[in-house]
Each structure stands twice: as structure tokens, then as C-alpha cells.
Amino acid sequence: MKLYCLSGHPTLPCNVLKFKSTTIMLDCGLDTTSVLNFLPLPLVHSPRLSKLPGWISKDGTINLEKELKDCAGRVFVDSQPEFCLPERELLDLSTIDVILISNYHCMMALPYITEHTGFTGTVYATEPTLQIGRLLMEEVVNFMERVPKAQSATCWKNKEIQRMLPGPLKDAVDVWTWKRCYSMQEVNSALSKVQLVGYSQKVELFGAVQVSPLSSGYSLGSSNWIIQSHHEKVSYVSGSSLLTTHPQPMDQSSLKNSDVLILTGLTQMPTANPDGMLGEFCSNLAMTIRAGGNVLVPCYSSGVIYDLLECLYQFIESASLGTTPFYFISPVANSSLEFSQIFAEWLCHNKQTKVYLPEPPFPHAELIQTNKLKHYPSIHGDFSSEFRQPCVVFTGHPSLRFGDVVHFMELWGKSSLNTIIFTEPDFSYLDALAPYQPLAMKCVYCPIDTRLNFHQVSKLLKEVQPLHVVCPEQYTQPPLTQSHRSDLMLELQPPPMPYRRCSVLNLPFRRRYERVYILPELANSLVPSEIKPGVSVATVSAVVHSKDNKHTLQSVPKPPPVAPSKKRKRVMDEPPVVLAPKPLLSGAVPLEAFLATLQKHGITEVKVEETADGHILHLQAEDTLIQLEEDGTHIVCDNNEPLRTTLRDLVLRFLQKL
Amino acid sequence: MDRECVSLLPRVCEVLAASGSSLPDDTSLEKLLDWFTGLTKAGTSLLESCPCLLEFISTVVHNTALDPSILSFTLRLTGFVAVTEVAFKVLQESSVLDLVFNLQHWQEAGLWEDPCIRIGWIQGLRTMMQHPKALSFFVQADFLQPLLQLQTDKSLFVASAANQMLAHVLLSCQSVSSVGSNDVDEEGEDVGRSGGSIADLEYSAVTVETNQDYAAVVTAISECLKKSLVPRENTQLHQSLQILKLLALLLAQTRPPLWEKLLQMVADSVDELLVAGYSQLILPLMDVILAAYSSCDVNRRAPDQRVSRLLSFMLNIRKPADLIQAAAAFLRRGLHDLVHTAQSARVLLLPLDIITGLNLLTTTDEQRFLMMEQLKNKTSCISLICVCLTNTPQMTLMAADCLPCPPVLIVTAVLSLLKLCSGDSSSPSSSSSGCREVSRNVIGSSKVQKCALDALTALSGSPGVEVKLAEVFTLLVQCLDNPDSDPTVLQKSFQALVQWMSVCSDLSSITDQHRQDLLQVVRKRSCDIRWEVRDSTVEFLGRLAGVRVIQTTAEEASDASVAVLGGCCFTTPLLRAALQDTESYVRASAISALAQTLAASWQQGAALTQEQTEIVNQLLEVLSWDTEGFARRAVVRYFIAWLSSMSSHSCVQSPASSSLLMPSVRSVLSRGSADLDWEVKVHTLELAELLLDEAFSGQRGYTKGNPTQTHPYAVIPNTLHTRTHNEEDVVGVLNSLVQWGVVSALLSGLVDCDRPVALRACRLLITLREVVCPLSLGALDATAAMATVARVTCELPGCGWAREIRKMLVMKAKDANAEGGVSGGEVVNCDDCGEAGQEAASVGGQTPCVSVCEVLRSLDLDERLDVLTRSSDHVHNSPLSLLQDILTASSARSQPDTQQEVIADCY
């Protein structure tokens, strides 16, 4: 069993598991942090960005004025942003049989994998994962295609040149494999390969393994996966949460008794407690609005935003924010808000019960009804006519490199009354803000990551007790910035097996058993004999028939009845005589009784020697040795066949025959 | 004793002796006993005043078929009856006593199994044992053994009572035998301590023979202590525990000969127990040792060698958890023992030393190692640290030579612990891996944080810690800013901040950056999503305004709110925003905080600002419209604060400020006295009282506050008599009181259905009457003397409280007429205040006016005060009512057909 690790990102995993002749890809997360190296894509012409000076190396030898721009001491690529893809050279992606998706954040690289690689398999995902994943992809494609950039910068990627570049650009890895965003057509094609599954639904893969998604409690339709054969069980834990937010709670008990547990998607903010952050979010928001400023919340259009809106719904009154407008701007805003309300069966119990009242599960419906929350596909159109300040705007993309958020950054960045509150944990807020410097606007970082923290995960692992744990290497040591926090790492016995990008792990367990079916008529013919109370054994002679990874024992075909022939039988045609198999022996030879029997048969001079495995009996007069061991008995008796036979029969007396 | 009660008692006894099941409720017997206790304490001889009790006891004690609760009651009652020697003799002669306390009697009846009989037996004996005769009875009946057995009874109450009883017996024996042996010098010193309970022992009655008996009792008890102290096996720990409790009681109260003897007897067993090291017994053991130790301390004897040795042993136990407990127990006693105090301090500081790595003290490696191992376990780490922190403030108050390090270092350690809790990396302990393992246990523990903050708050008073102010300030602001801090941690951080600023008072070390950080965090927390946090923030703003500090730049005292937050311009807008909060507690706190913030400007007589007018309007709105009592109460208190600050600084009273204050006070009085919440009304009356004080201060006959509460011999300040009685003055003042609405508020309070309101109003009205128209002047004199004052009238509108007052006046007038006194017309000044008059008045839309003086004189205020002073259930709770209840219940039970059972709602 092998695990190929195609992504080093702990929360955006992409691993391939080879298990019992199947090749299963677990998630295909897209590392979008690469876009932080690019200049933002403004929706309207930005004089500030267009006036940024080009970059020339200090000694003037390298001139990349066209490709690289200098902003407040940092260099950015002036081109359509590009993403860092999962590794594609480690194994032939066309051999992948299935892709299992755990949540909508972990499927953003799907088009890169399913298109143009020869992939012919199936993708399994839950319905909300597919639908919301589609929305997120659509949103990114829309953001990118809305502001096309003709220029595509490539010179800076030259290894020689890249080495000379400053700052983060110099250290960016695999820049040649970075790719521009996919098109809507590729998205549609990729998503057409998705087959929907429900929680705990069992899907057979070629009869060899069974995969089944379990609720992971992290987002709508998010799942962990169980991959099992008859005798082995692998659990794949991706983004999971034990907090009571909107999704169905995590199914922990089904993870028990795993041979291997692949653990990914722990919280990226182990020191930031989501509750505390939510509180921080609300108080900073209220503080800004009271002071007459605007609040900008760069966020994804699905996920935490539902919780933020729910929290604000309760907070608005107590903070006297009743009259402040809340805007949600995204090409998929409407769909996201409405989809969330219809996936009732994927919600936590509390919200599910509301459906029967009948009441919308999420309170944002009421915010929309009372006109406190308004949503628009973009800043163009209706929004501009209804826009009132001070207000709160939720919009993407959280990287601040594309989407409507870029516009608000340009609009509000100059005033210290305004505040930008980061809630998504995926991007470093300082890096996100870098191309907007100098910035007067206040910045508040309240990353809300509801995924498991180290404390919760150790408790979980104690409970489900997997034999082996495999995890990204980041989880096996404390975070770099807080090396003293030994509580922020996984400490397990045996220690977890770490992986990094491009690792290939041999998973440390051997397959020892295989299930074999026996046909009824063959079973009928067996003659079981009881070897100890409750345990019976029978010998079976049969033919193994293997097909689709299923093994069946069939009766040995009888020789076809000889057709009456007038020809003389030919000796050669005789079927070989099947000899009745010798009986199998079981049991142990009791030493004392055996010696007594020997004595009865006149063998008196016996020297008994104790060995590690049993005893050696030296029949001195006969110059014969009898080795009695746990798994075998040997009679060493040269040139005295009658004695050997006698001794053999004596030994056999003490053993059971089948 | 009440004659009526005496007459009812025989019948009650009959009822009880017949059957106890017909009692009105299960507390009746306890109430009866309470009554008897009161009577006995008052010196009444029960047998003399209620001879029926003797018969009752002898009847009941023979009837073992009765309800055990009645039997238990009888046992206890017998104790009360036999408390005097005379009665004891009577009981003994009628051979009742022997039977009542005869164990066999109860055992044979199968009643001894019932714990209520056992406890009745113990308590009866205990009550009786106040004279040597009772003691002899106890000794001769050989009750000691059963009592010792009861000490480990399975019922905790019985066991505890037996323990108390044993101690009582031993102490009684001690007093008697010490007299017998003419140990006079001890007696004089200890009469007070050996318990008033045996003060009336007749020492002379003790014979040599009985003296020997007592000695035998003492020996028997101490033998038992010695024998049972060390448990034979783990299951007997309970017995050891009981013995230790008894021992602690005894060692604290006995005097030298006995004390010595006891100690001598048990010393070896205690030693053995110490060596065995049962963790559950550590605290009781420490209690014993400390009881012995403090008994030396109190008597100014040199500490006994054995006790000192035991104590040293305790403070050197190898189990860290036990050691910490022992040290904490020692420190809590506050004994004058430098050596052990210093040792305890070292023990208690060790966990803090290890976890912070600050080298607070020098200890042996072994101790350090053992403690470190213990600290590696998360649960015990947190509890040890908390014990340690709880004791740190006390340690820093100790003499400097007891402390292993200066208090400043302890503050540093607490600060560094707080940093660890928030996961801060800058702790010096991060170097060693053992410490890292320990410090990991406290990361994120809000329990430790709370304890540490409490300790930090208390440490603010320690000598020489002022230098730490800036550091403390920084850390507390960090705590306040931390998104993960829970509401209690935030509250405690705010409290600590106020405390440190109020103690240090010199804020020169606080930089502008500190101030900015605090401003930012206060602003954020005032918008917090949790109301508790908003509440603590608002409270903090108020408290800060009350702290006087010195800023060295100007060497000028100001309040801390001005010094660190920039004063009103920052706080007032925040507080005004908090007035709109959805949570009433926050609104209430905001109002109080506003009062504290503005107090300075009131006192300085600063000119009125637009903002103040707005605030007052906002507050009046809260008083009228707020749905929650807390906020409305706070509004009234706001005006009380304002008014009292104005009157105490009347010399600088700003006319501008009064021009806003007085009209608002009028509204507050009228709205407050019509409120639905009784506390708002009481506060409103307090405001009215302030106005009375203000109006009549210096007026003859006016006593500030409650007239009935003044001590009869109190020295009345001369100033009260300086101003001559000037009728014109009184008229003017009374007129203004009427105009402000004080009189209406008081009258409406008087007829309020809430007793505290009515009581307070009544007292104030009496005060007013004494100044304006004292009753000491006869009716005719009064009319003549106060002709002008009587002209002051107030309105009595036709609704609510005024209707009540009118009714009372009419009744009074009718009574006066009936007595053939002066005509009723003069009572009420309006044309005719009969029913017809009232209607006419209300139909005509006029509000009738009455003379204030006449109202005050006619309302029978003193009688009313009398009624109001008694608690509302005084009738219900009287012994008479209890006896009647018992009788009624029994008659109801005996005639079930004729009377329906009363079903009462019991909540």
C-alpha cells in the first residue's frame, strides 16, 4: 500500500492512495497562495497601480520593467494571477481510478487533474460539495475573466533570473508549473465526471475496496472517507470540525479500528479560538460603524460567511446597528445564500428542525427580507445606485488580488475610519495587504478556522485508536513562530508518519488475509471434524476462481463422462487418479505419556533434552532422535525403517487426524 | 412566658403525646424546641412555668409506639427541662430521667436504629450537661462507651453531634476536676474560654469520689483517642478522621494539665499517622497540630517541643500535594512563628518558582524534582498553582525576613505566569524541557488566569511593588485585548487595573503608548458581543473615575479616568452609547458610571454643558420607559449622587447646575414614586430624604435620618440648635418641599403595599412632622402656634395613593367626631372631603388641597410605624400561633368529616 503526496499544503491536500489494485486520489486542493505574488486586478482603471515603477535589479543587469512592479518595497508580477498546481510528475494521473472529494475547498484543482491528463475515472462527492464547489469555481473564473489581462509574464520564471529576484518571489517553488485559471468550459467538463454520494453510502470500487463518505462537520456536505477491504481499513480525515456551526456534526465513531488514518486539514490557526475570533469580529465591526467608518470583509462566498451573518443577526440589535446596511457582493451571492437554505438534510439538527416549522434554516433569510442584508452580483449595476455608507461589505476574493474586493480596497484604503476585517485563514493578511501599501485603513485579523485543533485531534485519536497515523510534516513539530508551544503538535505513540510534497510513503501494514467465497454445493460436501469444543475443521479441495477481485472456491470439475465410443480407449486419455489427500494432523505430543508408551514398547533408554521449541528425545540404544517441537515432529532414524514406522505410529496415536 | 401560651400548652402536650402524625407540618417540633430554647436562655425554668411537661415526658417515654420524631423531640425537650439543677432533681426523683436516657429502653423498642432517636439522645444529654449533677449522672450511667461508638455513626449528623458531645464532656470534666484539685491559677485565666456553658457549675459540690470518676472519664476518652487514631486498614480512615476532628476541638480548648495529658497520650499515634502519610488525613492532621500549636500561641506559652516537631514534619512531607496543603493551612492561621512561616512561604512559592523559572528561592534538588514531577500532571499542576497563587498576597504582607524573595519578584512571577497562560513565548522557563512540559499545562487555563489576576490585584498593596506598574499595565491590557479571554478574566483584569492605579497613584510610568492601547481596548470591549464584558467595561470606566491619582508632570491630583483615558471626552460618549444597550445590567452600570464620571464636574461646580442636559433627558426617559428595574434604580441613584454631591459642596454650588438638577429631581420624584419596582421607590424616598436634609439642615427639631434610630443619650450637635425657630423659614421650606413633590412622594410611599417603602416613608413623614408641627404641642396649641405653617397645602388628586390618604383622613375625622372632639372640618382643609366632596372634586376637574400639617398630624403615623416595623409574618411566627396551629391540625384530623382539609400551595 502506497501513498503519493502531490501537495505539501496541509489543508489543501492532494494525495494518491494505491490500495489493492485501485488508485484513489484523495482530494485535489489548489494552493492559491501563489496569487499573492501578483498585482491585484482592479475592476476599474487604477491610476495608482498603473503608475507603479517597474523593477530593475540594483546593478541594472536585469530589467523586467514590464513584468514586475515595485510597490512599497515589494515586487509583484504584473500578469494574470496563477495558481500552484498539485504535483503532476510523481505518477501517471491517467491511471487514477477515482477521486474522492472531502469538501468544496479541496476540489478547486479538479479541472487541472481531470482535463488534459488522460483521466478517465470517476469523481465522488456529496451534492452540496459539488454545487457549492461549482459556485466557488464559477466565481474565480468570473473574477478572472471579467478583467482579462493580455500580458502573460514568463521571463521572471527563468531560473537564473528568479534567483536574482528579491523577497518572496525568489523563494517561490515550482514557478514553471504555475498555471492560469481554468475556463468555465473546463469546469463544466470536470464537474460532469462527478458522481453524487450520500453520507454512509457504500461505493464498491472494482469489488476490491469499498469507499464511503462520513460527515466531517466542517462545511455543508463536507466528508471524511473510509476506504476499506474485507480485512483492512483506511480512514481519510480531511477538514473536520467538532464545533456546533451549521453543518451536520462529525461522525467520529465510524473512524474506529482503522489500520491507517490519513490526517489532513487541521486548523491553520491553532492559537485562534473561533469563538474568540467571532467576538473580535463583531466588536471591531461595531466599533468602526459607531465611529462612522465602513467595514470590508474579504471572504469566500460560502462557508464561514453563513456563520458570520448568523452571529451578526443576533448582535445587530444589541450593538444598535439596526440601520447599517450589509452588502454581500459576489457573482454567486444569490445562489450561495439560497443553496444554503435548501440543503436541509446536510445541516445540523437544530437547523434541520426549522425546516419543519417551516422556517428558513439560516437567519440570513430574515436579514434579506428586512432589507438589512442586500446581495449583488457585482459593484456594477444596481449596487451603485443603492450604496449607502457607513456600511459593511462582504466580498471576495480573500487574497485581495481579484474580485470586487479590489475595488473597495482602492475606495476605502485611504481613510483611517474604515476597517478591513480578515476572517479567512488561508492567506497571510500582511501579504494580502502588501500591494495596497501605504494603507490608512485599519486592519483587523480575526481568522475563523473551525477545523480540528491539536487538542481536539489528540482526543479524537485517543478515542478512535488507529494503528498508524499519516499526516503532513507540519503537524509533527510546533509552528515555526512558536517553537516553545509543544502543545501545538501531534504527539502519538507510535509517532505519526510525516509526508511532504512529492513524498511516496510505503504504508506500514501488510495485507495478510483475503476473503474467499465458497459455493453452496462445495460447502455441502465438507466433512467438518471438531478439534476442540466449538471449533471444527474440514479440508477442502477446490478450484479458486478469481474475477473482479472476488475469489470463489468451486468444486473440482468432474471429468466429462466419457462418451461411449467405439474406439478403443487410449491409455493416455485416462484422467489422472486424484488421490485422497492425506489426513491433516493436529494436537501436541504429551511428553510424559509418550515416554510411557515408548517404555511399553521396550524403549527404555531415553535421554530427554529441553530445547527452545520443545524437546529432543535421544533413544540411546537405537541411536535415534525424536524432535518434538511446536510445529513439527522429526524422527531421525537411519537405516531402521521398521523402528521408524513404529515410532511414527506411536507419535500418531497422540495426534488428531482430519 | 405568655399566659395564653401557658394555657394552651397542656392541650398541645396532650395532642403530641396522643399522636404526632397530626402536626401541621414537619417543622412544628423544631419551632417548639426553638421556643423552649429561647425560654431557657431567658432564664425561665420550664418545669416551673409549664408543669405539664413533666407528665408529657413521662407519658411519651413509655409509649414507644409513637412517631420517632415525637420521641426524639421528647429526648431533646428533657435536656431543656433538666438544664437547671432543681428541675434535674425533680426529673430524677420521678425516675423519668433514667428512662429517657436509658439506651437499653430504646434498643429494645427497636428505635435506636432510627438516627433521629440517636441524635435526640445526644442533644438531650448535651443540653442537660450544664451542672455537676448532670455530669455525675452521665458518668454513673456509663454513657461514655455508647457515645464513643456513636462517634463513627453512619449518619454524619449523629457522628458530628457525638464528637461535640465528647468534647463537651471532657471540658466539663476538666473544669470540675481542676476545681477539685484546687488548680486555681488556671481557672481565673480560662473562665471565659472554657465555655460559658459550664459557668454555673457548682464546684463546691464536687466530692473526691466524683473527682475520681471524672479522671476515669478523661482517661477512657484519651485511651480511645489513642487507640482509634491510627487506622488498621484503609477502610477505617473515616474513624481516624472523626478522632482527628475531636482532637482538634479538644486541643484548642483544653488547658495545661489535661492538654498535656491528651498530647502525651496521642503523640505517638499522631506520629504513626504522619509516617503512614494518608493524603485524605493531611488537612485534619494539620488542624490538630495547629490547634495544639495555636493553643500555646494564644496562651502565650512557649510552643511545645512535640508540637513543633510535628509541625516541622508536616512542612517537610515528601508528597508535594500534601505539602502544599499543609503549608497553606499553616499560613492561613497567621501564627507568630518566623521559622515555620518562612518555611511555608518557601513551600508555597516553589510551584511558581518552577513554572516561571525565576529562581525565587533556593531549595533542595529533591524537593524541586518531586514538585516538578507532580506539576507535569495537568490536573494537579493547575490545582497546586491555584493554591500557591491564592496564598501569595498573604505572603507578601509577611515580615520581610520570612520571605525568601522581595514582593516585587513575586509580582514578576505572577506576571510571567499570566504570560504563560496566554501562550506567550518570552518566558524564561522555556529553556529546560521539564519546565516546558510543566508550563504547557497552564496554557489557556482560565482557572489559573483568574487566580493569578486575583493574586495580582491583592499584590498591588505590597511594599515596593509600585515600580512594576508599567509592566502590570501592559500585561493587563494584553489580557484585555486577548480574544480568547473569558468574561471573568476580563472583569478581573479590569478590577486589577483599577486597583493598581488606585494604590500606586503615581502614574508617571504610564506612557502615551500605554494610554493608546488602553483606549483602544476599552473601545473594543465596550462593543463586545458578550454583555458581561460590556458590563465590566462600563463598570471599569465608572470606577476609574473614582480613583484619585497624581500625574507627575503637573503634580496635580486628578482622577485616573482623566489621567489615562483623557476623561469625559472619551468616556461619556461610550457610556451614552451603553445607555442604549439591549441588556439592562449594562444600562444600569452605564448610568452609575456616568454618575461617577460626572461627579468631579458637579463638585467643581463646572458650568452646565449641552451634553449634561442631554444626558439628564436621556436618564429621565430611561426612568419613564425602561422595562427593567435595574436601569430605573440606577437613574434614581444617579440623581441621589448628584444631589448629595451638590449639597456637600454647597459653597461652590453652581446655579447653572442646580437649574438643571432641581426640575429634574421633581420629575424623578414623581416618576420614581409611581414606579412598579419597590427598590426604585425606596431609592426615590432616599432622594426625598436628601431634600429634607437639605431643606431643614440646622432646623430645630430636625434630626437627620431616622428619628427612631437615634440613641436616647446621643450628643446632639450644637449646630442643630443654633438657628432659632423661625416660622417663616419653615413655611418657605415646606412650600418648596411641596413644590418639589417631596410631600407627595412621601404620602404615596406611606400607603404603598411594599413594606420597606411604607416604612421608610413613614419614618420620613414623622421626621417632617417633628419639625413642622410636633405632636408634643397639644392640638389647640399647635393650631395657634402654627397658624402660618398650617396654611401650606398640598394637592391630593383623585386617584391612587391620594384616594387612600383621603380615605384615611375621612376615617380619622369620623373618629374625631364620634369622640365629640373638635369638628372634623378642620382636619381637611378642602370644603368637604366626604365621598360627595371627592366626587365633586373629580367631576369638576379640580384637585383638592389639604393642609400638610393637618395631614401629618392626623395620619396616626406613630401607630403605623409600629405596625410596619414588625415583620410581616410576626403574627404567623409567634409561639401562640404555633401552638394554635398544632391544636387546629389535630382537631381537623380528629374530625375529618366535618372539616375539609386545607390545601395550601407550597412553593
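B:Glu686 and B:Arg637 form a salt bridge, with their closest N and O atoms 3.2 Å apart; the term covers a side-chain nitrogen of Lys or Arg within 4 Å of a carboxyl oxygen of Asp or Glu. The pair links distant parts of the chain, 49 residues apart, with B:Glu686 in helix α36 (residues 678-696) of chain B and B:Arg637 in helix α34 (residues 629-648) of chain B. Helices here are DSSP runs of H or I with at least four residues, strands are runs of E with at least two, and both are numbered from the N terminus. This is a predicted model, so local features need pLDDT of at least 70 and side-chain atom pairs count only at pLDDT 80 or more, while totals for chains, interfaces and linings use all residues. As for bookkeeping, residues are numbered from 1 along each chain as its sequence is written, chains are lettered from A and ligands numbered from 1 in the order in which they are written, and side-chain values use heavy atoms, with hydrogens and water left out.

**Salt bridges within the chains**

- Side chains of opposite charge can pair when their charged atoms come close.
- Over all chains, the structure holds 50 salt bridges.
- B:Arg637 is partly exposed at a relative accessible area of 35% (buried is under 20%, exposed is over 50%, and partly exposed is in between, using a 1.4 Å probe and protein chains only).
- B:Asp860 and B:Lys812 also meet through their side chains in a salt bridge (3.0 Å, N to O).
- B:Asp860 sits in the loop between α44 (852-858) and α45 (861-869) of chain B and B:Lys812 in helix α42 (residues 800-818) of chain B, so this pair ties together parts 48 residues apart in sequence.
- B:Asp860 counts as partly exposed at 33% relative accessibility, and B:Lys812 counts as partly exposed at 28%.
- In chain A, salt bridges with shared partners join A:Glu87, A:Asp174 and A:Arg501 into one network.
- B:Glu471 has a salt bridge to B:Lys468, with the closest N and O atoms 3.0 Å apart.
- B:Lys468 is buried, at 11% relative accessible area, whereas B:Glu471 is partly exposed at 34%.

**Where chain B meets chain A**

- On the chain B side, 23 residues are in contact with 23 residues of chain A (contact means heavy atoms within 4.5 Å).
- About 1900 Å² is buried between the two chains, and carbon and sulfur atoms give 57% of that; buried area is the accessible area (1.4 Å probe) that two parts lose on being put together, summed over both.
- In chain B, B:Arg440, B:Cys527 and B:Ile529 lose the most area to chain A, together 30% of what that side buries.
- The rule finds two salt bridges across this interface.
- B:Lys524 and A:Glu280 meet in a salt bridge through their side chains (2.5 Å, N to O).
- Helix α28 (residues 512-525) of chain B gives the largest share of the side that touches chain A, with four residues.

**Chain A overall**

- Chain A has 18 helices and 35 strands.
- Its radius of gyration is 35 Å, well over the 26 Å that the globule rule gives for 658 residues, so chain A is more spread out than a compact globule (the radius is taken over C-alpha atoms, and the rule is 2.2 Å times the number of residues to the power 0.38).
- The C-alpha trace of chain A spans about 110 × 70 × 70 Å along its principal axes.
- Of the 658 residues of chain A, 51% count as buried.
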